[in-house]
Amino acid sequence: MDKSSSSSSSLSSQISSPQIISLQNSFNKPIPYLPPEIVTEIVSYISEDDIKSLYSIIQINKTWFNCSIHVLWKQPFKYTSLTGYSKLLKIYIWFLPEKTKMELRKNVFKFDVKEFNKIPTVNYLNYLENLELEYRSLYWAIKLLLPTLKSEEKEEIEEEENHVEIKERKEKEEQEAKNLRKVQANALLKELIKLYKENCPKLKKFKMNDPTEHLKLTVDELDHICTNPTDQKTRIYRSRRKLIISC
């Protein structure tokens, strides 16, 4: 028998050995029970910015979930990017009051927003303790979120149009869509701030420039300040409203 055959035979015997089978079976055994006090102590050694590890341990079992979920959600905006803000807001939309959802659906979106139909199994608002955001960042996160919400299919235009008419129609549609996004972003911003202020029992720190003053702005003023924070018109708005804008 040559060397390669011998190696192959040896490997085969190792794979089928009782020791290996026993080891494989041990991996399928349930994780030993640990009392919540011990799990909480273990979780305390995990850094709050280690989101990957925290997300992994909440999936172990119910005990690990209950002992660690508050760490993930007590200041979720602190350790993420603008795209992450948008994903978080998509979850927080679930918790808007049903009356608010109905009004937004009817008067602002005018289509069925799929996030309005979600029924959360965990109330993440109960864990929120620290909310420090730039107002402009929250606004941009909402604008990133809007295209991901389900909208109605546009009806195809059957009549014939020349190139000029098509261009004019598209420009008009784009401007209308842009204006509509401003209205939608403004409405969602107000409702989310209201949600945080009224439905987070553990919220200790709520810092977002001056939301009360920002909410007095018109749709166009707010959009301009958030998208053009340093130009002359923003300074005029700031002076008139006596706002403190963090850019």
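Phe 109 touches Leu 104, Phe 116, Leu 146, Leu 149, Gln 184 and Leu 188, leaving aside residues up to four places away in sequence. Here a contact means heavy atoms within 4.5 Å. This is a predicted model: local features need pLDDT of at least 70, side-chain atom pairs count only at pLDDT 80 or more, and totals for chains, interfaces and linings use all residues. Residues are numbered from 1 along each chain as its sequence is written, and side-chain values use heavy atoms, with hydrogens and water left out.

Now widen the view. Phe 109 is among the residues with the most contacts inside the largest nonpolar core, along with Phe 77, Leu 89, Tyr 92, Ile 142 and Tyr 196. That core has 49 residues. A nonpolar core is a set of buried Ala, Val, Leu, Ile, Met, Phe, Trp, Tyr and Cys residues joined through side-chain atoms within 4.5 Å. Buried means under 20% relative accessible area, exposed over 50%, and partly exposed in between (1.4 Å probe, protein chains only). In soluble globular proteins, nonpolar side chains tend to be buried together.

Which elements build this core? Helices α3 (36-43), α4 (51-57), α5 (62-73), α6 (82-92), α7 (98-109), α8 (135-145) and α9 (163-199) each supply at least two residues. The largest share, eight residues, comes from α9. Domain 1 (32-73) and domain 2 (74-148 + 170-209) each give the core at least three residues; the domain bounds come from an automatic or database domain assignment.

Take α5 as an example. Its 12 residues reach 16 Å from first C-alpha to last, close to the 16 Å expected at 1.5 Å a residue. That expected span is 1.5 Å times one less than the number of residues. Nine of the 12 are buried, including Trp 64, Phe 65 and Trp 73. The buried residues of α5 pack against α3, α4 and α6.

Step back to the whole protein. There are 12 helices and two strands. Helices (H or I, at least four residues) and strands (E, at least two) are DSSP runs, numbered from the N terminus. Buried residues make up 34% of the 247 residues.

How far can the model be trusted? The mean pLDDT (the predictor's confidence in each residue, from 0 to 100) is 75, and 68% of residues reach 70 or more. Over residues 3-17 the pLDDT is below 50. Residues 152-158 are also below 50. Where pLDDT is low, the predicted coordinates should not be read in detail.
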